[in-house]
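Student: I'd like to learn how to read helix packing and aromatic contacts in a model. Could you walk me through it?

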Amino acid sequence: MATQKKLTHNPGPIILDVEGLTLNQHDIRRIKNPLTGGVILFGRNFQSRKQLTALTKSIKQVRSDILICIDHEGGRVQRCRTDGFTHLPAMRRLGDLWMQTGTGASSAITAMKAATACGYVLAAELRACGIDFSFTPVLDLDYARSGVIGDRAFHRNPEIVYMLAKCLNEGLRLGDMANCGKHFPGHGWAEADSHIAIPKDERSLKSIERDDMKPYQWLDISLASVMPAHVIYPKVDALPAGFSSIWLQTILRKKLKFGGVIFSDDLSMEGASVAGDVVQGAQLALKAGCDAVLICNRPDLADRLLNELSVTPKKFTESSRRLKKLFPKGESQSWDELQKDAEYLHAKDLLKTLGLIH
């Protein structure tokens, strides 16, 4: 694989979105701002593969050091589903495959192979359209309590979550894409949806460490980035995890020795409102230990951040150094080349044989 291109600038700590299918003058102005480090794409930014590829190319023409991101997990969280994109299964399907009765260890092995195939197909298709990075996998445990997590989680058992996530991450790596474990330390127990509410998890730190945090601990240095939950764990801190130096510094950085990127979840979500307005929230998240903050679906708030956020040179340099490690290492194949790639075709055939895709 080709050597990674040296980035000509340093990506900043703000990840923002663009308004439509093509860049407008406001998008370009925001991307040019030195505080911008990435662009996150949504369903409204996708009409066809040709259009998506043109959009990502135009973003890189504005700045080559922009990390182009997307939420593309499979199941109900997949922004690109038509025009040849594989509609990947929800991750619970892989957990169910692991648990199939009567097949013993072979069902676990099959599920692990399927997870690697999912990761590879996911990464390869996105990379062929110029997308650098997807916020996946979900490492939350499925307690059958959280509707917003639900079938996005692999399983209730942290050992199964770890094994399937590790295999999916290997598939991402084979497709030249980094991974992002979310939502640290775990969103599976809290019932409320942090998009529209402020969830709380009343369990003890000991309980969370025993179960929810295990996948993060076991994945260790293979975990490239983490996104904390907009969940309050009152027995640990009064602030949601993404704004808490206890969670991000004392536990994640020091205790688990995590050295990768920490992204905030979207600052426009209701779960972030306890941190104050968008600028206060971003400052608090960065101070607590985040390297980059997301602001989505609110261009007015993105403009506020770009105009008012203050980041020290030391923090900017440290976070930028970490962010650079998430960029792809080489050039991607074109879509036409991908359709002839033996590994890609083998991965899709496996998923079809298992009934995970059509």
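Tutor: Happy to! A crossing is left-handed if the near helix is turned anticlockwise from the far one by less than a right angle, and right-handed if clockwise. This is a predicted model, in which local features need pLDDT of at least 70, side-chain atom pairs count only at pLDDT 80 or more, and totals for chains, interfaces and linings use all residues. Residues are numbered from 1 along each chain as its sequence is written, and side-chain values use heavy atoms, leaving out hydrogens and water.

Student: How do the axes of H9 and H10 cross?

Tutor: Two packed helices are described by the angle between their axes and the distance between the axes. Here helix H9 (residues 278-288) and helix H10 (residues 299-308) have axes that come within 9 Å and cross at roughly 60 degrees. The crossing of H9 and H10 is right-handed.

Student: How many aromatic pairs does the structure hold?

Tutor: Rings of Phe, Tyr and Trp (its six-membered ring) pair if their centres lie within 6.5 Å; planes under 30 degrees apart count as stacked, over 60 as edge-to-face and the rest as tilted. The structure holds 10 such pairs. In one of them, the centres of Phe135 and Phe263 are 5.0 Å apart and the planes lie at 85 degrees, so this pair is edge-to-face. Phe135 and Phe263 are 128 residues apart, so the pair links distant parts of the chain.

Student: Are Phe135 and Phe263 buried or exposed?

Tutor: Buried means under 20% relative accessible area, exposed over 50%, partly exposed in between (1.4 Å probe, protein chains only). Phe135 is buried at 0%, and Phe263 is buried with 0% too.

Definitions and conventions: Helices (H or I, at least four residues) and strands (E, at least two) are DSSP runs, numbered from the N terminus. Axes are lines fitted to C-alpha atoms, for helices over the stretch in contact, and angles run from 0 to 180 degrees between N-to-C directions.
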